[in-house]
Amino acid sequence: MPERDHLTVTVQRGGPDAPMRPQTFEVPAYDNQTVLDVVSWIQQNADPTLTYRFACRVGMCGSCAMMVNGVPRWTCRTHVSKVLDGNAIEVGPLRNLPVIKDLAADMDPFFDKWVSAEGMHHPTRTRDDAIEAIDPVTMERQEANAGIECINCSVCYSACDTVAGNPDYLGPAALQRAWTLYNDAKDANKDAILDAVSGTGGCHSCHSMGSCTTYCPNELDPLSAILGLKRATTKRFFGGRK
Amino acid sequence: MSEFHLYMAQRLSALVMAPFVIVHIGVMIYAIQGGLSAAEILGRTQGSVFWFAFYGMFVVAVSIHAAIGLRTILGEWAGLRGGMRDWLSAVIGLGLFALGSQAVWAVTA
């Protein structure tokens, strides 16, 4: 039996047409319960108009991130017992993004910045060539491997105080993506990547506060990726080539 | 000037300032041994090409470094954007340079 039979859950409701306001629900408590389970219970049993987003429920798709007691988290992998404040939880939409409605944040700025950071593949070969053999032990490959498990959940983007202060800043996820491509032997345009991360809001805007690395649910290290981009752009400035 | 060039200018000016700060503090500790007087300071600095070059370069580095740093703060903390922010930080940089170079000239000329 759980210690409590009910949780007090405060959900931030609203959107562009209605100011955000908190609404409190009493939700049955269970031994094993994630924050996403709690939000789903409210939508299915208390208020079907509650808007939120999820898909895989196993920490792979990056859809269900929300602010939980003021901290960005992947809600499908966050146990209630881990975040409970007394008997209460507060759930809100991700920080640093526009709200579509209730708990669903508009991810457009987040993904637009992936493109702005040149987070796209620049092929070295055509479809008619043989597939390039990649040596898995090179330093570059290790650097790229360290960042490729990003699930685009935007937890780092919401945690970042530089994004909060500077709306132009590309953010940790986009810059980490740029760093993985920069280190990818199959990427043909490293200069385009370094140019993209050197402009307004690029990697040089980062203050190295490290919230991205602290809050990344997949335990990735965007901070080190951003520092790598700073080193690479500085090296290029002094005439160094990759 | 791009964000990257401002970043490099701020890092390079920091690199220049680091030894200057150490010597500046070292001389301060040395100079106050046995009391501090304007005559003693001016005796060391007046007519000295070394101290003119030392504090002259120091002032240039400080003006560049502080103006770029304050430009970031004006953007993130005061919410200024675009030309207004660039103009204000340029004024701060030129102001620091004017005040600093006047002081350097006053004690070394």
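## Ground rules

Because the model is predicted, local features need pLDDT of at least 70 and side-chain atom pairs count only at pLDDT 80 or more, while totals for chains, interfaces and linings use all residues. Residues are numbered from 1 along each chain as its sequence is written, with chains lettered from A and ligands numbered from 1 in the order in which they are written.

## Chain A at a glance

Chain A carries 10 helices and 7 strands; these are DSSP runs numbered from the N terminus, with helices being H or I of at least four residues and strands E of at least two. Its C-alpha trace spans about 65 × 35 × 30 Å along the principal axes.

Of the 242 residues in chain A, 41% count as buried. Buried here means that 20 or more other C-beta atoms lie within 10 Å of the residue's own (exposed is 12 or fewer, partly exposed is in between, and C-beta atoms are placed from the backbone). Taking contacts in chain A between residues at least 6 apart in sequence, 64% join residues at least 24 apart; a contact is two C-beta atoms, placed from the backbone, within 7 Å.

## Two domains

Chain A is assigned domain 1 (6–105) and domain 2 (108–237), with bounds that come from an automatic or database domain assignment. Over C-alpha atoms, the centres of these two domains of chain A are 29 Å apart.

Where they touch, 14 residues of domain 1 of chain A are in contact with 15 residues of domain 2 of chain A. On the domain 1 side, β3 (65–68) and β4 (71–74) of chain A each supply at least two residues, and β4(A) gives the largest share, 3 residues. That side splits into 8 nonpolar, 3 polar and 3 charged residues. For these classes, Ala, Val, Leu, Ile, Met, Phe, Trp, Tyr, Cys and Pro are nonpolar, Asp, Glu, Lys and Arg are charged, and the others, Gly among them, are polar.

## The cores

A nonpolar core is a set of buried Ala, Val, Leu, Ile, Met, Phe, Trp, Tyr and Cys residues joined through C-beta atoms within 7 Å. The largest one has 59 residues, and those with the most contacts inside it include A:V38, A:C156, A:A178 and A:L229. Helix α7 (residues 172–182) of chain A makes the largest contribution to this core, 7 residues. Both domain 1 and domain 2 of chain A put in at least three residues each.

Leaving out residues up to four places away in sequence, A:A178 touches A:A117, A:E118, A:G119, A:I193, A:A196, A:V197 and A:L229. Another core, of 8 residues, lies apart from the largest one, and B:Y55, B:V59, B:A67 and B:V104 are among its members.

## Helices of chain B

Helix α1 (residues 3–31) of chain B has 29 residues and reaches 40 Å between its first and last C-alpha, close to the 42 Å expected at 1.5 Å a residue; the expected span is 1.5 Å times one less than the number of residues. There's a kink of about 30° at B:M17, shortly before the proline B:P19, where the bend is the angle between axes fitted to the seven residues ending there and the seven starting there. Buried in α1(B) are B:F4, B:Y7 and B:S13, and their cover includes α10 (222–237) of chain A together with α3 (49–76) of chain B.

In α4(B), the buried residues are B:S89, B:G93, B:V104 and B:T108. They pack against α2 (38–45) and α3 of chain B.

## Where the chains meet

Between the chains, 10 residues of chain A are in contact with 8 residues of chain B. The chain A side has 1 nonpolar, 9 polar and no charged residues.
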